[in-house]
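Colleague: I am new to this one. Please walk me through it, and tell me what backs each term you use.

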Amino acid sequence: MKGRGEEEEEEEEEEECPGVLPPTPRNSTLSPYTDDTYSDLSPGTDSEAAAEEAAINHELGLSEDHFSKPEESILNMTKENVENNIEKCKALILQCEESTSRRRALVHKLIQLRLRLQEMHDTAEIASTGVLVKMGHHLQPQKPPLTRASKQYCDKCAHIIWGVIHISYVCSLCDYRCHGRCVEDTIRRCASTRVTEDPMYILRICPEVGLASQNYKCAECKRIITNKSAWSEPRRCDYTGLYYCPACHWGSRVVLPARVLHNWDFEERGVSRQAKQFLALMRNKPVLDLEKLNLHLFKFVEELITVKKLREDILLMKRYLGTCRAAQETRMLRQLEERQHFVENSHMYSLQDLVDAESGVLVTYLQKVHQTFSEHIKTSCLVCQGKGYICEICDVSDIIFPFDGGVVVCDGCSTVLHHLCYTNRGSKCPRCVRQEARRRQETTGDRVGVGRR
Ligand SMILES: [Zn+2]
Ligand SMILES: [Zn+2]
Ligand SMILES: [Zn+2]
Ligand SMILES: [Zn+2]
Ligand SMILES: [Zn+2]
Ligand SMILES: [Zn+2]
C-alpha cells in the first residue's frame, strides 16, 4: 500500500501522479509510473506483458519493433484502419482463454484503439464548437505541445493526457483539465464558481468526520474506497477533512489556511484535486481578517508586527499621495498594484500575504514601498512637505509626519507630536487642551451674557 507520504516527488513542472491508471506493460509509453514504485500493481511479470504486447502489435501490423511507441503507429492510422483493427482485436479476444496475460494485453490494445477512434470523432466536433461550457468550466481545446512537455493527467479519469494523441481541454478559470472524451462526464463544479459565490476558507484544521460517515465512498465521485487495493485507497484531504479516491485526490500538497491561522504552520499537506483548484484561486484573495480570527498572532509573530506597522504607515502616506498631483502623475500608488488591498485597509490578508510574511518577502517588499513613498513626501515633493507638522510642544522646527517613528497622532485633532514631548506633558495634546479651554470660556461667557440681560 502506498501512503501519501511515499509518493514520488516529480519534477517541478510535472503534475502529481494520480496513481490510479490501469497497469500497462513496462515498455508502453502509456505508463506514467516509475518502474519500481508501481511495478507491484502490474499483472503478471513485466517481460511477459511486454512480450504479449509485442506479439499483438505484430499480429495487428502495428509495430514490428516493440521498443518503438505503438501509440504513434495508432496515431498515423486512418479512421478505417482503426475500425478494422478494433474488429480484429475483438475477434482475437473471443478466441482467447479468460484471465491469461494475452487476453489482458488484447483488451488493453482494444481500449487504446477505441479511444483513438473516439478522439477522431471529437476532433471533427471541436472544429465546429471551440470552447465548451460544462459545470461552470470554460473548457478551451488544448493545443498539442510542440515539445515533449510535462506530463498532464485528466481531472476526470486520472489517466495521462497524451498531447499528441488525445484531444483535451483545459478550463481557463480553474485549470481543470480533461480528455475530450471525459468532458461529458465531468462532475466537478468549476472552483471559480465557489470563489465567486462564497470566497471564504474552511478555517477548522482538517475537520475530519471519518470514513464510516462517508459510507466508505469518495467525497467527490462516490466511488467505494477501501484499503483493500491501492486503486481505491481512501486519501484524506487536509483541507476538507474528507476522504477521496485516488482519482479525485492525487496527493497534491499545499499550504493550508487553517493551519497557518491557528498554528502559524506553513507545512504543505495533501489535498484533493478539488481543494487544490479552489485553494489556488483563493490564494491571493484578501479574505483573512487576522485580528478578528486570531489576535494572538500579532503578539507572537514578529514579522506580522512589522508588516502591520508598515501597512498602517503606508495607509497614512496614501492620504498624501492621493492628493498630490505629482504623485498621481508618476502613478506612485501603482507600486501596490499587485496587492490592491494594501491601499484599501491595513487588516485584511490573503494566504499569499501570510506565506510571504513568513518567508520575509513581504517585509522587504513593504519596506521598499515605504521608502519610496516617504522619500517623495518628506524630501522630493514640496507640496507634500508643506503638509507636515511641527510639534507644538517643543516647537523645534523639524517637520514631522504621522508615519514617522517616535511620534504620536492625536485622536482628537489629528495633530502630530513627538512621542517624548507628549508623554512629558502628561499625555495631553496642547491643541486639544486649548480648544477645550476656549469652549469652556465661551459657554461661561454666554451664561454671563444671559444674566446681564
Ligand atoms: Zn473550471
Ligand atoms: Zn479522462
Ligand atoms: Zn473519487
Ligand atoms: Zn507630493
Ligand atoms: Zn516635540
Ligand atoms: Zn489634539
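This is a predicted model: local features need pLDDT of at least 70, side-chain atom pairs count only at pLDDT 80 or more; totals for chains, interfaces and linings use all residues.

Colleague: Which residues are the protein donors of the zinc ion (ligand 4), and what makes them donors?

Modeller: They are C324 (SG), H376 (NE2), C381 (SG) and C384 (SG). These atoms lie 2.2 to 2.3 Å from the zinc ion. The cut-off for a donor is 2.8 Å, so they count.

Colleague: Why is the arrangement around the zinc ion (ligand 4) called tetrahedral?

Modeller: The four donor atoms subtend angles of 102 to 117 degrees. Tetrahedral requires all angles to lie between 85 and 135 degrees, so the term applies.

Colleague: What makes strand 1 and strand 6 edges of their sheet?

Modeller: The sheet is open, with four strands in the order 1-2-5-6 and antiparallel pairing. Strand 1 (132-134) and strand 6 (177-179) each have a single partner strand, so one side of each is left without a neighbour in the sheet.

Colleague: How do you know that strand 2 and strand 5 pair?

Modeller: Pairing needs at least two bridges. Strand 2 (residues 137-141) and strand 5 (residues 168-171) have three, so they pair, in the antiparallel sense. Q140 stands opposite V170 in strand 5.

Colleague: Which residues touch the most other members of the largest nonpolar core?

Modeller: Y201, Y239, L290, L304 and L354 do, in a core of 81 residues. Helix 11 (residues 302-322) gives the most to this core, with eight residues.

How values were computed. Residues are numbered from 1 along each chain as its sequence is written. Chains are lettered from A and ligands numbered from 1 in the order in which they are written. Side-chain values use heavy atoms; hydrogens and water are left out. Donors are N, O and S atoms within 2.8 Å of the metal (3.2 Å for Na, K and Ca); water is not among the atoms, so sites may look incomplete. Four donors count as tetrahedral if all angles lie between 85 and 135 degrees; four count as square planar and six as octahedral if opposite donors are over 155 degrees apart and all others between 65 and 115; anything else is irregular. A nonpolar core is a set of buried Ala, Val, Leu, Ile, Met, Phe, Trp, Tyr and Cys residues joined through side-chain atoms within 4.5 Å. Buried means under 20% relative accessible area, exposed over 50%, partly exposed in between (1.4 Å probe, protein chains only). Helices (H or I, at least four residues) and strands (E, at least two) are DSSP runs, numbered from the N terminus.
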